[in-house]
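User: I have a complex open on my screen and want to talk it through. Can you take my questions as they come?

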Amino acid sequence: MQLPVINNTASFPLPNPLPQAGEGANEPLHGTSNSGGCSAGSCGSTDDQMNHLPEHIREKVFNHPCYSEEAHHYFARMHVAVAPACNIQCNYCNRKYDCANESRPGVVSELHHPVQAVKKVLAVAATIPQMTVLGIAGPGDPLANPERTFETFRMLSEQAPDIKLCVSTNGLSLPDNVEELAKYNIDHVTITINCVDPDVGAQIYPWIFWKNKRIKGREAAEILIAQQQKGLEMLVAKGILVKVNSVLIPGVNDKHLEEVSKIVKAKGAFLHNVMPLISEAEHGTYYGLTGQRGPTNEELQALQDACEGDMNMMRHCRQCRADAVGLLGEDRGSEFTMDKVEQMEINYPEAMKMRAEVHAAINEELESKRLAKETKVQLVSIQGLKPKAVTRPVLMAVATKGNGVINEHFGHASEFLIYEASSEGMRFIGHRKTKPYCEGGDTCGDGESALDTTLRVLAGCEVVLCSKVGYEPWGPLEAAGIQPNGEHAMEPIEDAVLKVYEEMRAAGKLAEKQAVQQKVA
Amino acid sequence: MSLEIIESCTNCWACEPLCPSKAIYEAKPHFLIDPDKCTECAGDFEVPQCAAICPIEGAILNEDGVPMNPPGSLTGIPAQTA
């Protein structure tokens, strides 16, 4: 049956004819992101991994907050919870959970029928024009609920053609659904792949539902892994972009994930997102109740760095809820509960015009930034690179509400973005969540303990950049070796980080600390 | 001969499309099984499908009121004194 091609597979020329799906078919796509002369940041910045991608891929991801680090400052996403059923059990998941105050995958407050979900999506897209992407991520497995998932996609592809659709899956039913996915313009799929070794998998997945039976243990893991790999190959062969998510579980798959990264890259996955295990005992998961710990920030970063040599790594994932709404790191879901959505009158064709204007303005800004950067690079190549003294890298924390600028008060930040500045430029390392030091007004009562939390999560950083920082936290920050800095309010993050790094160099702070560190070593 | 869904059901919808007898239906506060329709999948499948996919231990009982998936059988979490 020939269906109208909405998917732009036809306009997705792979650099090489696919030799065989799964045998490094897409190698050149990824090679460009990490093997070129820019890899070490000689272009000034290493965080804009998207700039190194071929144009046709960049076009697909430049406004996708979950695929592009730069885009996540500007564009928003939402998830709709239409898919509650699951066909496997993971040891980090508790299917009983439902809580409005929890932000993590698998958690939702309201489950929607497809018609309700579509209403909600249109309401959000009209209210938050920066919303470019609608994902279905659960709370179960979207492909274990194919009717509900595809009904939602079908209606949205008709009613809101300006919204990108994407889906995430555990992969068990993926091979059976690739054809269907291709029909609805779904060109971004995320597969959660925690292992490629069934002995590791047996420690992560207690059972799967397969061919009308519940299967346990190693056999279950073996089937799941085979289906995930097959699904990945089929998607790549269709020209659908694949991101792979992996949960880092210390002592279970931490050593194994480098191998996973190599294999999925060889098969054509475009981005790898290693996420930390969340395992609080109160969540009631197997891992939570049996004392399995999650990784430290340092362990996560070390693994991401280890995989990075081989693979384009995502570091800005916020592990959203299955019903999250807004920019990554924020959740405006409570503004769009079903009873509120029912009250809203949405004229989507009108909204679509306004959305197009907003997107054009953002694109223009991004484009001018890109051009400015290219000009800088050209200037450098004309003038020749002056040999710069190699100075030690410095971690800096940034408080931002989005748009790529420093525009958040220290006391209001519920997370900080972490950048590493070095003599080679700067790169994005990740984000760290905290309790806002001061919510303002009456809630400052526990300000002291919140500050302690922030000091703890900022460990290792030497500077914190924010639009404003109060007198009270100033002293404790300095005492902890973290220089508060409110002098770069509203400046682009990259410019500010590099400027501060230059100031540190000029003040001799880079050499100084290194000497101290060497002494310690 | 019929299985029964009890209050620990989380309304996840996993069982409903699998039932060969269309005995399972959405209800408040949780899904139910029509005892007149339920065959426990005899003649259709080796094992009752709802109990084979249900992620919640103890949510589905057999006709003697015994959990099809007893505590600890699915999650490996030891039974707790609640």
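**Arg293(A) and onwards**

Analyst: Leaving out residues up to four places away in sequence, Arg293(A) touches Pro250(A) and Ser279(A); two residues are in contact if their C-beta atoms, placed from the backbone, lie within 7 Å. This is a predicted model, in which local features need pLDDT of at least 70, side-chain atom pairs count only at pLDDT 80 or more, and totals for chains, interfaces and linings use all residues. Residues are numbered from 1 along each chain as its sequence is written, and chains are lettered from A and ligands numbered from 1 in the order in which they are written.

User: Where is Arg293(A) found in chain A?

Analyst: Arg293(A) lies in the loop between helix H9 (286–289) and helix H10 (297–308) of chain A. Helices (H or I, at least four residues) and strands (E, at least two) are DSSP runs, numbered from the N terminus.

User: What separates the C-alpha atoms of Arg293(A) and Ser279(A)?

Analyst: 6.4 Å, with the two residues 14 residues apart along the chain.

User: How many other C-beta atoms are within 10 Å of Arg293(A)?

Analyst: There are 13, so Arg293(A) is partly exposed. A residue is buried if 20 or more other C-beta atoms lie within 10 Å of its own, exposed if 12 or fewer, and partly exposed in between, with C-beta atoms placed from the backbone.

User: Switching to strand S16 of chain A. Is it enclosed or open?

Analyst: S16(A) covers residues 461–465, and four of its five residues are buried, so the strand is largely enclosed by the rest of the structure.

User: Which strands is S16(A) joined to?

Analyst: Strand S13 (residues 394–398) of chain A is joined to S16(A) by four bridges, and the two run parallel. Strand S17 (residues 483–485) of chain A is joined to S16(A) by three bridges, also parallel. Two strands pair if DSSP finds at least two bridges between them.

User: What are the bridge partners of Val464(A)?

Analyst: Val464(A) is the bridge partner of Ala397(A), and in S17(A) the partner of Val464(A) is Pro484(A).

User: Now chain B. What is the pattern along the sequence?

Analyst: Chain B reads β-β-β-α-β, which comes to one helix and four strands. Chain A has 16 helices and 17 strands.

User: How does the radius of gyration of chain B agree with a compact globule?

Analyst: A compact globule of 82 residues would have a radius of gyration near 12 Å, and chain B has 12 Å, so the two agree. The radius is taken over C-alpha atoms, and the globule rule is 2.2 Å times the number of residues to the power 0.38.

User: How many residues are in contact between the chains?

Analyst: 16 residues of chain B are in contact with 18 residues of chain A. On the chain B side these are 11 nonpolar, four polar and one charged. Ala, Val, Leu, Ile, Met, Phe, Trp, Tyr, Cys and Pro count as nonpolar, Asp, Glu, Lys and Arg as charged, and the others, Gly among them, as polar.

User: What is Ala14(B) in contact with?

Analyst: Leaving aside neighbours within four places in sequence, Ala14(B) is in contact with Ala85(A), Cys86(A) and Ala144(A), and with Ile53(B), Cys54(B) and Pro55(B).

User: And the confidence, what is the mean pLDDT of chain B?

Analyst: The mean is 92, and 95% of the residues of chain B reach 70 or more; pLDDT is the predictor's confidence in each residue, from 0 to 100. For the complex, the predictor gives an ipTM of 0.95 and a pTM of 0.78.
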